[in-house]
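Subject: Structure handover

Hi,

Here is the structure I promised to pass on to you. Please have a look at it first, and then read on for what turned up.

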Amino acid sequence: MTDVLLSEDNNGVRLLTLNRPDSFNALTVELKERLLEALRQAAADDSVRAVVITGAGKAFCAGQDLKEHVAMLEANDPTPLKTVEEHYNPLIKTVTSMPKPVIAAVNGTAAGAGASLAFACDLRIASDNAKFLMAFANVALSADSGASWTLPRLIGYGRAMEMMLLAEPVDAQEALRIGMVNRVVPAGQAVEAASELASRMAVGPTSAYARIKETMLAAAAEGLAEALAVEAGAQAEAGQTTDHREAVQAFVEKRTPRFTGH
């Protein structure tokens, strides 16, 4: 039986690969539960300093596995009606709150909850054959997996509304132009490029990255006064870290800092 999620560690970077290529890595209950468990483990593991998420084969992730979804609905199984609260919401919260960088290597189509997962990551590296599709309206559903929150913050309310209502795909170059992705690389190179970037960040000040994520997340939902307060608290904590002292000392001594994440 094929392992639906692969995990590989390399120099502080954990690569998580959705491994249902024949189904374009569509999300079954098993895959959702495995991914959530793996992300939580990565968040808690001090040896993991950056995470890359990708998909096997030609797609990043097609979103919800509709074959499983329909079968459960026909069997009057309540699981499909609970999956947003039990799986998708925890997945997005775990990615956005993880105190280390999470990079999506979008190696092909990302649709529905698959696209939403990419939007929740801190950075997105897309292959030039990647496409993003907010497919919810096509199956008479609303948005989930945080897309109503993350996508407008990436590309603006109007463009996000267009993607939601019209369910038209956005290719990699357009995604780069409107700020949906950070970089576009040739087909087949997304994982390599994302892993190289993650490796660079893994030797960086991960304690600072964690606080940057904290302040950015707070500022996205709060007013200026609240954002300033969160910044002040995070900066005070960062200023007491070993990484900060090392960075300052390295600057004075004109050498490369050696960060430990503490």
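At what angle do helix H4 and helix H5 pack, and how far apart are their axes? Keep in mind that this is a predicted model. Helix H4 (residues 113–120) packs against helix H5 (residues 147–155) at about 55 degrees, and their axes lie 9 Å apart.

As for who meets whom, H4 contributes Ser-116, Phe-119 and Ala-120, while H5 brings Ala-147, Thr-150, Leu-151 and Leu-154. Sorted by class, this contact of H4 with H5 has 5 nonpolar and 2 polar residues, with no charged ones.

Now to the sheet. It is open, has 6 strands and runs in the order E1-E2-E3-E5-E7-E10, with mixed pairing. At its edges are strand E1 (5–10) and strand E10 (183–185), each pairing on one side only. From one strand to the next, the twist averages 20 degrees.

Helix H1 (residues 29–44) packs on this sheet and touches E1, E2 and strand E3 (50–55). The direction of H1 makes about 175 degrees with that of E2.

E1 and strand E2 (residues 13–18) pair in the antiparallel sense, over 6 bridges. Within that pair, Ser-7 stands opposite Leu-16 in E2.

Best wishes

Note on methods
Residues numbered from 1 in each chain as written. Predicted model: local features only at pLDDT ≥ 70, side-chain atom pairs only at ≥ 80, totals over all residues. Heavy atoms only, no water. Pairing = 2+ DSSP bridges. Helix = DSSP H or I, 4+ residues; strand = E, 2+ residues; numbered from the N terminus. Axes fitted to C-alpha atoms, helices over the stretch in contact; angles between N-to-C directions. Contact = heavy atoms within 4.5 Å. Nonpolar A, V, L, I, M, F, W, Y, C, P; charged D, E, K, R; others polar.
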